[in-house]
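Work through the following exercises with the sequence and the structure at hand. Each task is followed by a solution in steps.

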Amino acid sequence: MAAPTLQPPSFLLANLKADSCTKPLLQRCQDLVKIINDYPAKELHAIFPWLVECVFGSLDGIISGWNLRLLHSRSNEYNIAMEFLNPSGPMMKLVYKLQAEDYKYEIPVNYLPGPVKGSIQEGVLPDCPLFHNKLQFPLSGLLTLNLALNPFEFFMFNFAYCLIAPKSYPPGLLGSSTDSAYFVLVDTYLKYFLPSEGSVPPSPFNDSRGSVTAPSPRASSVSFAGYGVHSPSLLKHHIFHQPSVTADPAAQEIWRSETLLQMFVEIWLHHYSLEMYQKLQSPQVKLALLQYRLSMSSMPVQPSVALPPQHSYQVLLPFHSLLEEPFTPSEEHVLVVRLLVKHLHAFSNSQKPEQISSSPSAHSHTHASPLEEFKRVVVQRFVQQKLYLFLQHCFGHWPLDASFRAVLETWLSYIQPWRYTDEKPNPQTEQNRTVPDKWESFVQENLLMYTKLFQVFLNRAVRTDLVNAKNALMVFRVAKVFVQPNLAEMIQKGEQLFLEPEHVLHHRQPRGYLGNLSPNQGGSFLSSRQRVVTDVVFRVKSHVYALEGQDCQYKQMFGTDLRAAVMKLIQIIASARQTAKRISDHCSEVASGSSVLSWFGLGPSHSNNTLSEPEESGECLKKTHEFLDRALENLCTIFKLNSGQLSQLISTLGCSQDEGNNKQLPDCIQGDNGLILTDLGRRQMISGLRRFDIRYQGDPELQPIRSYENALLVRLFYKISSLVNDKLGGHMGGLCSRQDFLGRLSRHFLSQSDPSNQLKQSPVTRRALEANASRQPRVSLRTLASYRTLIILLFFYMFFGAVMSLNPASSTLLILTGGFLYGVLMTLCGDKLKSH
C-alpha cells in the first residue's frame with residue numbers, strides 16, 4: 001500500500017478547521033483517526049492544541065467545543081465522542097505519540113485557580129510538582145506568565161478545566177449530569193489510571209525510542225515556599241529520582257496517575273478565600289510543621305533543606321482582588337468531586353493485605369511497589385486539605401435549599417471510607433454496622449472533617465426550613481452517619497489526643513533509639529507504646545494546625561458549647577414536627593370537608609387561599625415527620641441524651657407556644673401601620689415553624705381572572721354590578737345597617753368585607769385595613785362567571801326541563817326562589833353553624 005501524501009501542518013490544520021464547520025461528528029472523527037495513525041508527530045504537534053480546544057472548548061468559555069456536559073446517552077453523538085476520547089482511544093493515542101517526542105504546550109497562568117495564580121504572580125512557587133520547572137518568563141512581565149505542559153498534562157488540564165469553564169448554557173438544558181459524557185469520562189479515566197485491581201495499563205503507543213518516560217525531575221536542591229503542607233512529590237523516590245534505564249516499568253507509567261489526580265485536585269478543589277490563603281501562608285504554621293518534620297525524621301537533615309526566604313511569606317496584596325472573586329461551584333461540579341472522592345476511597349482501600357498490615361513506620365514502605373505506595377498516601381496527601389477548604393466554602397456559601405444535598409453527600413462520602421471496600425456487608429446488620437477499629441487512624445487524621453464541618457452543618461440546620469421533607473432528610477442523613485456504633489468514641493479519642501498537654505511531647509525519645517531496641521536488648525514495651533501514642537498526637541495536632549492555623553480555637557464536638565447548639569437544633573426539630581403535624585391535620589380536615597355541597601358552591605369558599613406547595617402535601621409531611629423522628633432519636637444517641645431530657649425540651653417548647661390561632665403566627669410587635677416582624681419572627685418564618693395566613697387584601701372584584709373563570713363574563717358582570725352599585729348603593733347600605741332580620745338577610749346576600757379579624761391573620765397594613773373597612777355593601781355577580789357555576793345552572797335547567805317540563809323562565813324563578821330560601825335558612829341558623 002502506498003504511503004499517504006503528507007501535507008504541511010498549516011494546510012492540514014486549515015483543512016480540519018474547514019471540515020469542522022461542514023462535516024458531521026462521525027465523519028470528522030473518522031478523518032482524525034486516519035490522520036493520527038498515518039501522520040508523524042511533527043505534523044500532529046501543530047494541530048494538537050486546536051483539536052483539544054475543539055473537543056473541550058476554549059478556556060475563556062467562548063468556544064463550547066463538543067459540549068460534553070450536555071452530551072447525554074440519549075444523543076446520537078454520545079457513543080462517537082466516548083469512543084474517540086476513551087483512555088485507549090485515538091485521542092489518547094495522539095497524546096502518547098506526542099509525549100514520546102517531548103513537545104510542550106503553553107497555558108496562561110491567568111486560567112489557574114485564584115490562590116495558585118496569585119502565588120505565582122507574587123513570585124512564590126506553589127507546593128505542587130505540576131508547577132515546577134514549567135514557568136515561562138516572557139519579556140513583557142509577570143502578568144503574561146505561561147505554564148509549559150507536556151501533552152498528557154495539557155490534555156488533562158483542558159479536560160479538568162472544562163468542568164469550571166464559564167460557558168453559557170440555556171437554562172434548564174443541562175439536566176442530570178450523572179449520565180452526561182463528561183461525568184462518564186471522568187469515571188472512566190479514574191478507573192483506568194487509578195485502578196482498584198491490577199496495575200495501570202502501559203502506554204499503548206511505542207516507537208523506536210521505547211516506552212514513554214516520566215517528566216523531568218525537579219532538582220532536589222531547589223527550595224521553595226508554598227501553601228501546601230506535604231512533600232512536593234509523593235513518589236519521587238520511585239519516579240523522579242530513579243534513572244530511566246533501570247526504572248521499574250510500573251514506576252514509569254504511574255506518573256500519569258499522579259498527574260491526572262493532581263490536575264483534578266488543583267483545578268476542581270483549589271478555590272478558597274483570601275483570608276484562608278493568608279492563614280495557610282502564616283509563618284507560624286510553616287515553622288511549626290517544619291519543626292515537626294525534623295523532629296519526626298530519623299534521617300539526618302540535608303544541607304539543601306533550608307527555611308524559605310522571609311519574603312516568601314508576604315501577603316499577596318497586589319493580587320488580593322483576584323483571590324476575593326466569589327467562587328460558587330455548581331451542583332454538577334460538586335457531583336463530580338463526590339465521584340472523585342468515592343473512587344479515591346475505593347482505590348486506597350484496594351491495597352494488598354501485606355501492605356495494610358505492615359508496620360506504620362514510613363520506612364517499612366520503601367520496598368512497596370509504586371502503585372501500592374500511591375494507594376497508601378493518596379487520600380491524606382493529595383485530597384484532604386483542599387477538599388476540607390472546598391467543603392467549608394460550600395457549607396458557608398451554599399443557598400439554604402435542597403440543592404445542598406450534593407455538598408452534604410460529598411462530605412458524608414469522604415468521612416465514611418469504610419463504605420468503599422471490597423467487604424460485602426450483611427444486609428441484616430447494615431443498619432447497625434459498627435465502624436471497624438482499623439479506621440480509627442483515619443478518623444483521627446481527619447478530625448476536622450468530622451467535628452468542624454459538623455458544627456458548620458449545625459449552623460445551617462437551625463436556619464433551614466425543616467418542615468420541607470428534603471431538608472429534613474438531610475438532617476436525618478447526617479444523624480444516621482454519626483450514630484454509627486464506635487464512630488463517636490473514635491472522634492472523642494481524637495479530640496483527647498489533640499488536647500494532650502504540650503509538655504508530654506517534649507519528653508519524647510528519638511525514634512531511632514527506641515525503634516532499634518527490642519525488649520531483650522533493653523527496650524521497653526511501655527516506651528514503644530509511648531512512642532506510638534506520641535506519634536499519633538503529633539499527627540492529630542499537625543492535621544488541625546495545618547488546616548486551621550497554629551492559633552486556632554478548637555471547639556470540641558462533645559463540649560458544652562456544641563451540646564447547647566445540639567439542644568437548640570433538637571428544639572427546632574421538635575417544633576418542625578409539630579408544625580408538620582398541624583399542617584397535615586389541617587390538610588386532612590380540608591380533604592374530609594370537601595363534599596358535593598362544597599363542589600356545588602354551597603359550602604365555604606376558599607378561592608382566596610393560596611394553594612399548598614408540593615412539599616406540603618400529605619405524603620411529604622408524613623416523610624418529614626418520619627425523618628425528624630429518626631433524626632431526633634439518633635441525635636439523642638450520639639450526644640447521650642436520655643428520654644427525660646428530651647421530654648423536658650419538648651414540653652418546654654410546647655409551653656412556650658401561644659394559644660389558639662396566635663401559635664401559628666410569627667413573633668410580631670404592633671406598629672403604627674400594622675404588625676412588624678421581630679428577629680425571632682423572621683427566624684420562625686425562615687425555619688417554617690410559624691407563618692401568616694396570607695390572604696388577598698384588595699378589592700375582591702378586582703382580583704386577577706382565574707383559570708376557572710370566563711374572562712368575557714367577568715368583565716361583563718363587573719360592569720353590570722358596578723352600574724347597580726352606583727345607582728342603589730345608598731339603599732343597600734341602609735338595609736345592611738339595620739339590626740333586625742332584614743338587615744342580617746341583606747348582609748348575607750350583599751358582599752361586605754369584615755376587617756375585624758384580618759389584622760390577626762396576616763400582616764395587613766393599617767391603610768389596607770381602613771380601605772377594606774370603607775367599602776360599602778354591594779352586589780357581586782362574579783360568581784356567575786365561574787365555569788363551575790355555569791355548569792351547575794345548566795344542570796338545573798336541564799333537570800327542571802326534562803323532569804318537571806318547565807320553561808327557562810319558570811326554571812329561573814324556581815332557582816332564584818331556592819337561593820332565597822337557602823339564604824333565609826343560613827341567616828336563621830347562622831350563629832349556630834358558626835359555633836359548630
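The model shown is predicted.

**Exercise 1.** Determine where Cys-394 lies, whether Cys-394 counts as buried or exposed, and which residues are in contact with Cys-394 beyond its neighbours within four places in sequence.

*Solution.* Step 1: locate the residue; Cys-394 belongs to helix 16, which spans residues 370-397. Step 2: consider the accessibility. Buried means under 20% relative accessible area; Cys-394 has 2% relative accessibility and therefore counts as buried. Step 3: list the contacts. Apart from neighbours within four places in sequence, Cys-394 touches Pro-329, Phe-404, Val-407 and Arg-460. Step 4: compare sequence with space. Thr-328 is 66 residues away from Cys-394 in sequence, yet their C-alpha atoms are 7.8 Å apart.

**Exercise 2.** Explain why helix 17 is described as largely enclosed by the rest of the structure, and state what covers its buried residues.

*Solution.* Step 1: count the buried residues. Helix 17 (residues 405-414) has 10 residues, nine of which are buried, so the helix is largely enclosed by the rest of the structure. Step 2: identify them; among them are Val-407, Glu-409, Trp-411 and Tyr-414. Step 3: find the cover, which includes helix 14, helix 16, helix 18, helix 19 and helix 20.

Terms used
Residues numbered from 1 in each chain as written. Predicted model: local features only at pLDDT ≥ 70, side-chain atom pairs only at ≥ 80, totals over all residues. Heavy atoms only, no water. Helix = DSSP H or I, 4+ residues; strand = E, 2+ residues; numbered from the N terminus. Buried < 20%, exposed > 50% of the residue type's maximum accessible area, 1.4 Å probe, protein only. Contact = heavy atoms within 4.5 Å.
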